[in-house]
Amino acid sequence: MGATLALALADADLDIVIVDSRTVGETTRGDRTLALSHGARLIFERLGVWTPLAATRGAVTPIVTIDVSQAHGFGTVQLDATEQGLPALGYVVSYRALQRVLDDALLHARMRVDYGAAVSAVSGARDAATLDFEGPRDSPVNARLAVVADGAASSVPGIARRRHDYGQVAIVAKISLDRPHGGVAYERFTAEGPIALLPEHDHYALVWTRKPADAPHTIALDEPAFLATLAGHFGSRVRGFTHASERRSFPLTLEVARNTTAERVAVIGNAAQALHPIAGQGFNLGLRDAYDLARTIVESARDALGSAPMLARYRARRRLDRRAGIAFTHGLVQLFGNDRSWLSVPRGMGMMLLDSVPLAKRAFARAMLFGMR
Ligand SMILES: Cc1cc2nc3c(=O)[nH]c(=O)nc-3n(C[C@H](O)[C@H](O)[C@H](O)COP(=O)(O)OP(=O)(O)OC[C@H]3O[C@@H](n4cnc5c(N)ncnc54)[C@H](O)[C@@H]3O)c2cc1C
């Protein structure tokens, strides 16, 4: 998110230093695939990042249909790009390729990036924020505004965080089918939690929610047994699994900063809210944090940068979208990501309603694609 914010400010004639603990060219999220909304594409287009990303082989796969269903229950929803009047409902993007394109864009914009510089503390005071560093580095950095975008488990004095453990683990893997994916994504709600299959290049990217006790066993299954277990959860909705590779797992938690600013400091991205991946909202929401903060900075007078009124404007701008994104994702996990079987009837009715009422479907699709504003 830090890179996106910096690129959005590249022409603002500000003195910007980007510090990243990654070494030059290192990818920290190379094992992750992102579902990005149409709104995210529009932001990257404005920053000149989308064209090189889309030109990278296999880096961007359009999602033209999303098929939502629940195991052991009725009701399905089919969202279709043509119905929504869009070229695609969203895009599956390689995080590795995105990180590379963002790094290149920073280089071309001649922005100063200090790679391999790990911040050990950020402290805000009346006139400036100070960044201290781990290991050998000449001196701390002082700034009128420090933006913290260091991901989940971020720690900034004055910004308390609330953590909720979902008691779930996500298994991610590359999955092949016996036919081309045709741009169709699947979201399947099961008693143990949701499973997503995202069409990526020549395969599917799997995000499979399991109970922590089951995850190590599932990951260790041989390929036919792993695919058979997966197929068992998809029932007749998806058939023809042929290969599974690159299996990994992540614990699933919700982390929310109680406030997104402190004196001379703003937090964005996962440092502000790290969400369950059920609806693929985390990166999209963080991107809007970055973009809205950039707009607030550009609209502020230079001597007002990092001031309490400027930070209040940023908070106000993000309030609705942020709250809605957190509530939407958390609500979806509560409603669909659990084993309460009595919920299967209201879930099914909700899905049938959504599928048959165009206005409701459009509102749902819009929230998924662009966020709440
Ligand atoms: C399994 C899974 C699937 C997901 N799928 C999706 C999806 O489909 N769509 C979606 O929108 N979201 C998805 N997400 C969420 C998404 O991955 C995150 O929201 C996103 O990666 C957050 O980006 P970030 O830049 O805020 O943090 P990070 O990606 O964690 O980046 C933090 C940066 O800060 C740097 N850093 C860290 N500590 C320091 C330090 N002390 N000093 C200096 N630099 C530091 C790191 O080097 C890194 O560059 C998924 C998450 C998971 C777990």
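1. A nitrogen atom of the ligand sits 2.8 Å from a polar backbone atom of V119. This is a polar contact (a pair of N or O atoms within 3.5 Å). The protein covers 87% of the 1000 Å² of accessible area that the ligand has on its own (Shrake-Rupley method, 1.4 Å probe).

2. The model is predicted: local features need pLDDT of at least 70, side-chain atom pairs count only at pLDDT 80 or more, and totals for chains, interfaces and linings use all residues. Numbering runs from 1 along each chain as its sequence is written, and side-chain values use heavy atoms, without hydrogens and water.

3. An N or O atom in the side chain of D20 is 2.6 Å from an oxygen atom of the ligand. For a polar side-chain atom of N270, the distance to an oxygen atom of the ligand is 2.7 Å.

4. The ligand is surrounded by 27 residues (a heavy atom within 4 Å). D20, R29, R32, Y95 and N270 are the closest. By class, the shell holds 13 nonpolar, nine polar and five charged residues (Asp, Glu, Lys and Arg count as charged; Gly counts as polar).

5. The second largest pocket has a volume of about 240 Å³ (space filled by probe spheres set on the grid points). A pocket is an open set of points on a 1 Å grid where a 1.4 Å probe fits, with protein on both sides within 12 Å along at least five of seven lines; lining residues have an atom within 4 Å of a point.

6. Its lining has three nonpolar, two polar and seven charged residues. Among them are R162, N259, R315 and R322. α8 gives the most, with six residues (helices are DSSP H or I runs of at least four residues).

Terms used. Helices (H or I, at least four residues) and strands (E, at least two) are DSSP runs, numbered from the N terminus. A polar contact is a pair of N or O atoms within 3.5 Å; within protein, one must be able to donate a hydrogen and the other to accept it, and residues adjacent in sequence count only if both atoms are side-chain atoms.
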